[in-house]
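Please prepare a briefing on the structure shown below.

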Amino acid sequence: MLELVSKINSAVNNVVWGWPALILLAVVGVLMTVLTKVFQISHIGHWLKNTIGAIFKDHNVTGHTKDKSISQFQSLCTALAATVGTGNIVGVAGAILVGGPGAVFWMWVMAFIGMMTNYSENVLGIFYRRKNKDGEWCGGAMYYLQDGLGAKKHCKLIGKILAILFSIFCFLASFGIGNMTQINSISGNMLSVFHIPTWITGIVLLILAALVIVGGLKRIASVTEKIVPFMVILYIVGTLIILIVNGSAIPAVFGAIFKGAFAWTAAGGGIVGYGIKLAIEQGAKRGVFSNEAGLGSSVMVHSNSNVKEPVRQGMWGIFEVFADTIIVCSLTAFAVLSSGLVDLETGVAVAEYGGTALTKANIVSTVFSMHFGFVGGAFVAVAIMLFAFSTMLGWSHYGTKACEYLFGEKYTIVYRVIFVLAIFGGAVMSDNLAWDIADTFNGLMMLPNLIGVLVLSPQVMRITKNYVDRKIKGKDVEPILSVFPDIQKANAEAIRNAKTEAEAQ
């Protein structure tokens, strides 16, 4: 049965992750970068000040809300919980072993343009969001496909169809990228480091997840805002120590990354162009798997923020990709490449180290073990567990919102129960099959979402220009905040009141 699933998945994967899809992903990222006048660079000081900088001085960013919304910081942590996962460790290692060091360069390229893809998704998510009967915000690609693309002339039906398709793919992806791969990585590391059987890990995680997920978004956000900052900072410190120890190898690593990015022949003199093809494919796929820019996934939690300005939440999307890929993924890549366990010319790992065969699943823990002994391997196992567990929590919300769109709010509890039960299957599933299925679901989600962002790119440009005119250039113009008149009016009034209070102080 698993062999049949593997064959079917492989056929679909080759279509959704073929060159047309990768080109579409790049085209949308480049287009949004151009239309927003390279916002991620031209206004870097502004978005850093209003994201990571605001955490330390603006209570509205971190303060808990009394209604069904969550704070901007909670939305970031929940989104990062879903993105900073095994893709940053196992995924990066896998990209290097398959695509060579050059894959890291293409991961950077996709992250740079992906910042504006993620920005655009979040701007559209806030602009087209609405509240359900319980007063909780509902936003995501399905809504801007339905109400944005669907509002175009003769596009109502295609907008609705793409919205349904996106929701179906998201629903299924939540069991792949958001469940199976994460749990599979945890159980594999617990087995190799602590010799804990996979079925025991599966049962324990099932129980822990149930305690959080069934409580809904508020409980998920409360947990992620505590786990995510702690795990990211700890992991960054660990990798920085390794880079300091291996400092002499850093120039060679940089050289290998840039040389490998344009390696026209594969290792051993293979087919011309095959080396760069592998590097681009692995860099793009693992980059998207890690930061999810282009999937339209994190929009569903960013849309639950208490923010009023679409661009403000868009800037959190830029920071999300920056933190996930430019910082965390890069540190993983440099730790692996500077360790001496990987050939800098080919990306091929040594056969074994310390009597253990090296694979993408254990090479990072082996690198940490080289430098910190048993504590290092144990640290990576725990880091993967925290990364993966928090990713699963974030994706449970995405799947819940997709279920709500498809079947109605009353069926979301059924989804949560099934999602939790699926954890055990992820713990005992084949490593390669789990990752391959996740890759396929990523691609299937990506296609309708990118179509929506592409068609609605003029709207993103107008909203961005409006924000820049008001907030950066100081022009007195009416804000563009929501497609719905009642929400537009309420948010505009709230912004005016906040401005009046600030001026009075």
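In this predicted model, the largest nonpolar core has 123 residues, of which Tyr-235 and Val-364 touch the most other members. A nonpolar core is a set of buried Ala, Val, Leu, Ile, Met, Phe, Trp, Tyr and Cys residues joined through side-chain atoms within 4.5 Å. Apart from it lies another core, of 22 residues, which includes Met-190, Val-193, Ile-220 and Ala-427. Because the model is predicted, local features need pLDDT of at least 70 and side-chain atom pairs count only at pLDDT 80 or more, while totals for chains, interfaces and linings use all residues. Residues are numbered from 1 along each chain as its sequence is written, and side-chain values use heavy atoms, with hydrogens and water left out.

- Leaving aside neighbours within four places in sequence, Val-364 is in contact (heavy atoms within 4.5 Å) with Ile-89, Ala-93, Tyr-235, Thr-332, Val-336 and Val-380.

**Overall build**

- The chain contains 22 helices and four strands; helices (H or I, at least four residues) and strands (E, at least two) are DSSP runs, numbered from the N terminus.
- For 505 residues, a compact globule would have a radius of gyration near 23 Å, and the 22 Å of the chain agrees with this; the radius is taken over C-alpha atoms, and the globule rule is 2.2 Å times the number of residues to the power 0.38.
- Along the principal axes, the C-alpha atoms fill a box of roughly 65 × 50 × 45 Å.
- Contacts between residues at least 6 apart in sequence join residues at least 24 apart in 81% of cases.

**Burial, surface and charge**

- Of the 505 residues, 59% count as buried; buried means under 20% relative accessible area, exposed over 50%, and partly exposed in between (1.4 Å probe, protein chains only).
- The chain exposes about 19700 Å², with carbon and sulfur atoms supplying 68% of it; areas come from the Shrake-Rupley method with a 1.4 Å probe, and for residues only the protein chains shown count as cover.
- The mean positions of the 36 positive and 28 negative charges are 7 Å apart. Lys and Arg count as positive and Asp and Glu as negative, without His and the chain ends; each charge is placed at NZ of Lys, CZ of Arg, CG of Asp or CD of Glu.

- Asp-469, in helix 21 (residues 457-472), is buried because its relative accessible area is 8%. Beyond its neighbours within four places in sequence, Asp-469 is in contact with Gly-474, Lys-475 and Val-477.
- Glu-404, in helix 18 (residues 374-407), counts as buried at 12% relative accessibility. With neighbours within four places left aside, the contacts of Glu-404 are Asn-132, Cys-138, Glu-409 and Thr-412.

**Positive phi in loops**

- Most residues other than glycine have a negative phi.
- Val-38 has a phi near 55 degrees and lies in the loop between helix 2 (19-35) and helix 3 (39-42). At 33% relative accessibility, Val-38 is partly exposed.
- His-195 has a positive phi of about 60 degrees and lies in the loop between helix 10 (156-194) and helix 11 (198-213). With a relative accessible area of 64%, His-195 is exposed.

- Leu-211 lies in helix 11 and counts as exposed at 54% relative accessibility.
- The C-alpha atoms of Leu-211 and Val-420 are separated by 9.8 Å, although these residues are 209 residues apart along the chain.
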